[in-house]
Amino acid sequence: MAQQQVVQVELKAVIPTANGAALFLGTPDKTFVIYVDATVGHAINMFLAGTEKERPLTHDLMAHVLAAFGAKVDRAVINDVKNSTFYARLIVSAENELHQKKIIELDARPSDCIAMAIQQKAPILVSRVVLDEVDDASDALKQLETSKEQGGEVAEEEGSEE
């Protein structure tokens, strides 16, 4: 990945929608949304809650494979958006028995990158270009949280992840 300015964001909310989940990510100044399928949204919620699972999920399997090779998720980077489709890279670091460190960059869906980062407590970064391009959803998040507290549901999605 070419060097670009990035900003660390936090996952502010995972809101269920009619067709999946809305991930609200952002800084104190700006929030944006990425829509993901229901299974990844559920997995992210489980990682956030620290839910014990009877059997490993796909993201758990990936974490076990990484650990078996002495690797871990270093960070997730949402590096591009085109026509409401987000692109991301999962940055993995591995150190061998000779203490030689290797950095591996993998192209992946933003939802999977976010899930793996949340699972392994790694930072989520967004390129400044993406952050400048996306619409600010801070007010929408406040309205959705208010609606959710009052028993309402989110019914519509705009945009997509993949």
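I call a residue buried under 20% relative accessible area, exposed over 50%, and partly exposed in between, with a 1.4 Å probe and protein chains only as cover. Before starting I noted that this is a predicted model, in which local features need pLDDT of at least 70, side-chain atom pairs count only at pLDDT 80 or more, and totals for chains, interfaces and linings use all residues. Residues are numbered from 1 along each chain as its sequence is written, and side-chain values use heavy atoms, leaving out hydrogens and water.

**Entry 1: valine 14**

I looked up valine 14 in strand β1 (residues 6–17). Helices (H or I, at least four residues) and strands (E, at least two) are DSSP runs, numbered from the N terminus. Is valine 14 buried or exposed? Valine 14 counts as buried, because its relative accessibility is 9%. I then checked glycine 41, which is 27 residues away from valine 14 along the chain. The C-alpha atoms of the two are separated by 6.9 Å.

**Entry 2: the cores**

Next I turned to nonpolar cores. Such a core is a set of buried Ala, Val, Leu, Ile, Met, Phe, Trp, Tyr and Cys residues joined through side-chain atoms within 4.5 Å. The largest has 38 residues. Leu25, Phe32, Ile78 and Ile114 have the most contacts inside this core. Helix α3 (residues 110–119) gives the most to this core, with six residues. Apart from it I found another core, of seven residues, including Ala13, Ile15, Phe24 and Tyr35.

**Entry 3: leucine 25 and its strands**

I listed what leucine 25 touches, where contact means heavy atoms within 4.5 Å. Leaving out residues up to four places away in sequence, its contacts include Val9, Leu11, Phe32, Ile78, Ile114 and Ile124. Which residue in β3 is the bridge partner of leucine 25? The partner is phenylalanine 32. Strand β2 (residues 20–26) and β3 run antiparallel, and six bridges join them. Two strands pair if DSSP finds at least two bridges between them. A hairpin of four residues leads from β2 to β3. I also checked cover: in strand β3 (residues 31–36), five of the six residues are buried.

**Entry 4: salt bridges**

I searched the whole structure and found eight salt bridges. Each is a side-chain nitrogen of Lys or Arg within 4 Å of a carboxyl oxygen of Asp or Glu.

- Arginine 89 pairs with aspartate 107, with the closest N and O atoms 3.8 Å apart. Arginine 89 is in strand β5 (residues 85–95) and aspartate 107 in strand β6 (residues 101–108), 18 residues apart. Aspartate 107 is exposed, because its relative accessible area is 59%.
- Aspartate 132 pairs with arginine 128, with 3.6 Å between the closest N and O atoms. Both lie in helix α4 (residues 128–133), four residues apart, about one turn of the helix. Aspartate 132 is exposed at 51% relative accessible area, while arginine 128 is partly exposed at 31%.
- Salt bridges that share partners join Asp37, Arg109 and Asp112 into one network. In it, arginine 109 meets aspartate 112 at 3.0 Å, N to O.

**Entry 5: a surface patch**

Last, I looked up leucine 61 in helix α2 (residues 58–68). Leucine 61 is exposed, because its relative accessible area is 53%. Leu61, Val65 and Phe69 form a nonpolar surface patch, with about 330 Å² of accessible area together. Patches are made of residues with over 30% relative accessible area and no salt bridge; like charges are joined within 9 Å, nonpolar side chains (Val, Leu, Ile, Met, Phe, Trp, Tyr) within 5 Å. Accessible areas come from the Shrake-Rupley method with a 1.4 Å probe, and for residues only the protein chains shown count as cover.
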